[in-house]
There are 2 protein chains.
Amino acid sequence: MVDRIIHGDPRTVAQAISLIENDAKESTDVLRALFPRTGNAYRIGITGPPGAGKSTLTNKLAKYYRTQNCKVGIIAVDPTSPFTGGALLGDRVRMSDVELDEGVFIRSMASRGSLGGLSKKAKEAADILDAAGYNIILMETVGVGQSELDIARAVDTTVVVLVPESGDGIQAMKAGLMEIADLFVMNKADRPGADQAMTSIEFILGLRPHSGQDWLVRIVKTQAHEGKGVAEVVTMIDQHRSFLQTSNTFVERRKIQLKQRIHEIINEQWHFDFWTSERAAYLTEQIEQVFSRSLTPYDVAQELVLHFK
Amino acid sequence: MVDRIIHGDPRTVAQAISLIENDAKESTDVLRALFPRTGNAYRIGITGPPGAGKSTLTNKLAKYYRTQNCKVGIIAVDPTSPFTGGALLGDRVRMSDVELDEGVFIRSMASRGSLGGLSKKAKEAADILDAAGYNIILMETVGVGQSELDIARAVDTTVVVLVPESGDGIQAMKAGLMEIADLFVMNKADRPGADQAMTSIEFILGLRPHSGQDWLVRIVKTQAHEGKGVAEVVTMIDQHRSFLQTSNTFVERRKIQLKQRIHEIINEQWHFDFWTSERAAYLTEQIEQVFSRSLTPYDVAQELVLHFK
């Protein structure tokens, strides 16, 4: 399997990502064996509120990178509910520019109702693509919450896509988007209110404490559906990449990301080891007493840690 | 402190929440002592995309509940970046209907850049308000990510606020909002596209597998700014509450929430115990080798777990 991935076989890549998604034990072995082959791909996060056109932009970016002879991997992280699956989402339709291209690998990952873990899995899937020789990895995430922030921290360049209707800059700021963006894209820039929205974001960016050594976050207007502005987005991503490399931030960021990965591996292993069937049964038994307020959650937690040592 | 909280002193409540926010050791003692007094408040989550008018609706709901003689606690969870603080957000302005009312307690909680932990803190703050005799607790969260889902699971009724411009129902569904909503609010319903957006969400709700025993998720139109539709929202929340109580789902939900809390307490304690300064130093030392690919993250994780036992 490892060999076939290194040789870039898309079917095996897909199988390996399925192993990760299904929490298969072997996935760790595969990831461990592939790890020395990782670190070469450039990872770009595409995030923003629902409806901003992230999939369209991702599609167009992939198409553009293909003209530069890059192999492109796309991971669309999707917290969609299990009851709808992916069938309604139209991802395949919106990726129509590249979906038949053999140099592009597209994978949608959903949380399937499990609490957490999705961002770890998405990063692992990116490692598989990295080892398989994809030069550019686009990680598309919807939303602005914790797992999106986790993923944003796991890429080299984070692109935040907004639309005029996303509300003013204050709303974007409230959503935590301001601090993760290396680059803003104002998509659907032909719509009313686009200039006002641009001004509002520029104003807030201007409030940031900023030294001459920092990367200057900028905004690009696009109409991704028509392909307008996509080349400019790529240029800005390239500039950010150069900045990271010349300022040594690239190495620092990647080291922080690797640390984060080690944390996640340990957390997961610990969780697996701690929650034995005995502990789970004890918790279920005691919860009645907690509900009736004759025990506190702190008592039960303490008991689970100490008594079962 | 515990006594003063039980007697409903708002200053002490504020201090206790600050202890929680600052990870002060004493906060656990306070929470443990207050726990027997909790479980009486009804908890309502208000969530949705940025700009949907969540704060305005929260404000109006609080005002409404005040006319019913309820004490109302509001926790606005805000993943805003630390560099802007809360000053620009205008929360105080938008809560103007109730901010001078002594029967309303308003607290904004921000993540301050820390990874995770915010949802646990928000739930603990809700416990403080619960013990202090607030009958209704409104938890407002922006965004659609993991910590918002965590908070949505920690309330009795989750209200998802959308606006016509949130995009069609498919976008809302993509954002994971469909599965957490007990009730949808289409705010700013006087704007163009509102009816279409309503239809679209109703269509998708209709696709859900549904038995006669389940709660039927519904949509209410509002213009929260003018107070229109707010009474209907309260009526629907009441209906959901009755449903939970007659179907016994209420008890089941709360038990699941308490289990979740115990999980969080244990995780936090473990994290604190595991990450000794020795282990942290070892990780920093080894990360160079991981970066150069002479070690894998899995090797370092294993070493941290086994070697330091």
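**Strands and helices**

Visitor: In S5(B), which residue is the bridge partner of Gly45(B)?
Guide: Strand S1 (residues 42–48) of chain B runs parallel to S5(B), paired over four bridges; pairing takes at least two DSSP bridges. Strands are DSSP E runs of at least two residues, helices H or I runs of at least four, both numbered from the N terminus. Within S5(B), Gly45(B) is partnered by Thr158(B).

Visitor: What should I know about the model and its numbering?
Guide: It's predicted, with local features needing pLDDT of at least 70 and side-chain atom pairs 80 or more, while totals for chains, interfaces and linings use all residues. Residues count from 1 along each chain as its sequence is written, and chains are lettered from A and ligands numbered from 1 in the order in which they are written.

Visitor: Which residue in S6(B) stands opposite Val161(B)?
Guide: S5(B) also runs parallel to strand S6 (residues 183–186) of chain B, joined by four bridges. There, Val161(B) faces Val185(B).

Visitor: How many residues of S5(B) are buried?
Guide: Thr157(B), Val159(B) and Val161(B) point one way, Thr158(B), Val160(B) and Leu162(B) the other, and all are buried (20 or more other C-beta atoms within 10 Å of the residue's own, placed from the backbone). For the strand (residues 157–162), the count is six of six.

Visitor: How are H2(A) and H6(A) oriented to each other?
Guide: The axes of H2 (residues 10–21) and H6 (residues 118–131), both of chain A, come within 10 Å and cross at roughly 160 degrees. Axes are lines fitted to C-alpha atoms over the stretch in contact, with angles from 0 to 180 degrees between N-to-C directions. Over 145 degrees counts as roughly antiparallel, so H2(A) and H6(A) are roughly antiparallel.

Note on methods:
A residue is buried if 20 or more other C-beta atoms lie within 10 Å of its own, exposed if 12 or fewer, and partly exposed in between; C-beta atoms are placed from the backbone. Angles under 35 degrees count as roughly parallel, over 145 as roughly antiparallel, 65 to 115 as roughly perpendicular and the rest as oblique.
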